[in-house]
Amino acid sequence: MSQVSSYAVQVTDTKHLQQLWLQPDWPAIAGVHALFTTRAGGQSVAPWNAMNLGDHVHDDPQHVAANRALLQAVLSDISGRPVQTRFLQQVHGCDVQFLEHASPNGQAFDACLTTESDVACIVMVADCLPVLLARRSGRAVAAAHAGWRGLAGHNGHGVLEAVWQAYAARLGVAADAQLAAETQVWLGPCIGPEAFEVGDEVREAFVQTLPAAVQCFVPVAGKSGKWLANLSFLARQRLQAVGLTHIYGNDGSAPWCTVSNASRFFSHRRDAAVLGSTGRMAACIWKG
């Protein structure tokens, strides 16, 4: 993943923004588009500079509205026709919304999916892991917001299991090996394994239902009961457990870490305590 110094860069040209933002490095699917925004673009000023898309982080509402309109313009430019954007009110849960053109913004869900064209599934992040799914036939797309709480879920059923089951149900097929073979997944930037310090309770939430998760936790030297967690690997394990193997994107390496790449990514853990707030990036996937 290339590095672009984009801190506080204000860009309104949609073609330029497509180059500054991330496009998933997965096999192309005819009629399916995906994009992950960075700090580049938009109108927000510090500490939300510049392409903040979150309307819940105390940024100027007019700046957020302008940034969201810019995102919609970029998606529409990519498709060559208007694309509707839908933003969720994410609550670190496991509920999934099916999106239609008439779906409202601001519903309390942490994942969304659609089989309709020209409506974008969007999740916002600033350390949590964005996960995009697409059927290789182009028939369905989905997006999930996976912080550790949503990823762990309850009794081994978290947001990734929930969106996988909802995705299969919407397609009217079983969530089996055949569907998994026809589905690809992209993991976007998130807090990296060198920065994500957690307590025993987080480790236990994963290990109690998937013992192999112990591989994703490294003890913090000199801190009893503290661990460094690899969020992207935890997600890979959970995806593989339901049969998904075509997984691309975040491999846990430094370029994907939201905390250590301040010029490119927002990070709640890095910025909120020091600056009072930070912005939100968006992972988007749509048919069009």
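How many residues in the lining of the largest pocket are nonpolar, polar and charged? Keep that question in mind for the second stop.

Before you start, note that this is a predicted model, in which local features need pLDDT of at least 70, side-chain atom pairs count only at pLDDT 80 or more, and totals for chains, interfaces and linings use all residues. Residues are numbered from 1 along each chain as its sequence is written, and side-chain values use heavy atoms, with hydrogens and water left out.

**Stop 1: strand β5**

Select residues 119-125. This is strand β5. Helices (H or I, at least four residues) and strands (E, at least two) are DSSP runs, numbered from the N terminus. Seven of the seven residues in β5 are buried. Buried means under 20% relative accessible area, exposed means over 50%, and partly exposed lies in between (1.4 Å probe, protein chains only).

Now show the side chains. In a regular strand they alternate between the two faces of the sheet. Val 119, Cys 121, Val 123 and Val 125 point one way from β5. Ala 120, Ile 122 and Met 124 point the other way.

Two strands pair if DSSP finds at least two bridges between them. Select 84-86, strand β2: it pairs with β5 in the parallel sense, over three bridges. Look for Thr 85, which stands opposite Ala 120. Then select 281-287, strand β13. Its pairing with β5 is antiparallel, over five bridges. Here Cys 284 is the bridge partner of Ile 122.

**Stop 2: the largest pocket**

Select His 92, Ala 126, Cys 128, His 145 and Arg 280. Of the 25 lining residues, these lie nearest the centre of the largest pocket. The elements that give two or more residues to this lining are β5, α3 (148-152) and α8 (268-275).

How is a pocket found? On a 1 Å grid over the protein atoms alone, a cavity is a set of points where a 1.4 Å probe fits but cannot get out, and a pocket is an open set with protein on both sides within 12 Å along at least five of seven lines; lining residues have an atom within 4 Å of a point. The volume of this pocket is about 580 Å³. Grid points are joined across faces, edges and corners, and a volume is the space filled by probe spheres set on the points.

Back to the opening question: the lining divides into ten nonpolar, nine polar and six charged residues. Ala, Val, Leu, Ile, Met, Phe, Trp, Tyr, Cys and Pro count as nonpolar, Asp, Glu, Lys and Arg as charged, and the others, Gly among them, as polar.

**Stop 3: the second largest pocket**

Select the lining residues, including Gln 18, Trp 26, His 33 and Ile 78. The volume here is about 200 Å³. Strand β1 (residues 32-36) gives the largest share of the lining, four residues. Eight lining residues are nonpolar, three are polar and none is charged.

**Stop 4: salt bridges**

The structure holds seven salt bridges. Each is a side-chain nitrogen of Lys or Arg within 4 Å of a carboxyl oxygen of Asp or Glu.

Select Asp 55 and Arg 68, which meet at 3.7 Å, N to O. Asp 55 lies in the loop between β1 and α2 (61-79) and Arg 68 in helix α2, so the pair ties together parts 13 residues apart in sequence. Asp 55 is exposed, at 56% relative accessibility, whereas Arg 68 is buried, at 16%.

Finish with Asp 118 and Arg 81. Their closest N and O atoms are 2.9 Å apart. Asp 118 is in the loop between β4 (111-114) and β5 and Arg 81 in the loop between α2 and β2, so this pair ties together parts 37 residues apart in sequence.
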